[in-house]
Amino acid sequence: MQLYHHPYSLDSQKVRLALEERGVDYTSHRVNPITGKNMDSFFFRMNPSAKLPVFQNGSHIIFDTIEIIKYIERIALVSSGGDDATLSSQEVMEWMNKIQEWDPNYFTLFHIPVKYRVFVSKFLRRVIIARMAESPDLASAYHRKLREAYETEEKLRNAEVLRRSEEHLARLLDEVETKLGETSYLIGEEFTLADVMLIPVLARLVLLNLEESYINSRPNLVEYWNMVKQRPSYKKVIGRYFDGWRRHNTLMRTWCFLQIRNMLQRY
Ligand SMILES: N[C@@H](CCC(=O)N[C@@H](CS)C(=O)NCC(=O)O)C(=O)O
């Protein structure tokens, strides 16, 4: 089994947490979307949306995050010899879908300083054009990606898009806060795949320095966040890249790579 993912990608984090929690082995392929590695023709041919993560088992390829996680759960079940009764309950599935409905992409871009955002967006457009020149047979898919990049910039100029995303997130976290007032984890006293979906959202808020307004204002969520951060899966998938000083190293490495490539005009 192959997983194409990146530590920066929130949906990749969800899938990797599920793999770690369920003890499923896989071959990891890192594809950095900030340096435009997801535009490489090998990846683009497999997945013309260029989005991460992508899960591949032989000829079976899955692009949808929830579908990937459900597939992982089945694999873990088969290898442990369990029965269907141990699959995620309806309530877990409902929470997984509810969390997935919140789109972190615009929200994240809105909270990145304009200087960095503009630089990366220009760099990525150049990467797309360079890849298109190398693989003219994929031109229409690359054009679509280019159009998507311009549409994203347009949306980022619209304050209403941010307001709606913030409201959606606040509603979701309020609901989580109420739920955590009754139980230790999102669904009862056991860690489930619903928690797997929530942890990367909280980690993203911390990365964007929004912990104070979104997490610390909700006491049950604070307690929960401190507890789930102790899990080995969190440390492996998120903590080792983003906890404390590590996040500066991680971000700085990508930033230097982009600066050098840009200086050399190597896209
Ligand atoms: N197929 C995914 C979409 C995942 C997604 O939006 N991935 C983002 C990162 S979390 C991405 O790859 N962005 C890069 C791009 O759009 O070029 C799903 O809906 O489950």
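Arg261 is found in helix H13, residues 246-264. Helices here are DSSP runs of H or I with at least four residues, numbered from the N terminus. This is a predicted model: local features need pLDDT of at least 70, side-chain atom pairs count only at pLDDT 80 or more, and totals for chains, interfaces and linings use all residues. Residues are numbered from 1 along each chain as its sequence is written.

Not counting residues up to four places away in sequence, Arg261 touches Arg266 and Tyr267. Contact means C-beta atoms, placed from the backbone, within 7 Å. The C-alpha atoms of Arg261 and Ile99 are separated by 36 Å. These two residues are 162 residues apart along the chain.

Now turn to Ile187. Ile187 lies in the loop between helix H8 (159-180) and H9. Ile187 is partly exposed, because it has 19 other C-beta atoms within 10 Å. Glu91 is 96 residues apart from Ile187 along the chain, yet their C-alpha atoms are separated by 7.5 Å. Leaving aside neighbours within four places in sequence, the contacts of Ile187 include Glu91, Val92 and Trp95.

Next comes the core. The largest nonpolar core has 40 residues. Such a core is a set of buried Ala, Val, Leu, Ile, Met, Phe, Trp, Tyr and Cys residues joined through C-beta atoms within 7 Å. Helix H9 (residues 193-207) gives the largest share of this core, 11 residues. Apart from this core lies another, of 9 residues, including Met39 and Ile128.

Two helices pair up next. The axes of H6 (residues 114-134) and H7 (residues 139-156) come within 9 Å and cross at roughly 170°. Axes are lines fitted to C-alpha atoms, for helices over the stretch in contact, and angles run from 0 to 180 degrees between N-to-C directions. H6 and H7 are therefore roughly antiparallel to each other, a label for angles over 145 degrees. Among the residues making the contact are Leu124 and Ile128 of H6 and Tyr142 and Leu146 of H7.

Which residues are around the ligand? Among them are Ser9, Asp11, Lys51, Phe63 and Asn105. A residue counts as near the molecule if its C-beta atom, placed from the backbone, lies within 6 Å of it.

Notes. A residue is buried if 20 or more other C-beta atoms lie within 10 Å of its own, exposed if 12 or fewer, and partly exposed in between; C-beta atoms are placed from the backbone. Angles under 35 degrees count as roughly parallel, over 145 as roughly antiparallel, 65 to 115 as roughly perpendicular and the rest as oblique. Two residues are in contact if their C-beta atoms, placed from the backbone, lie within 7 Å.
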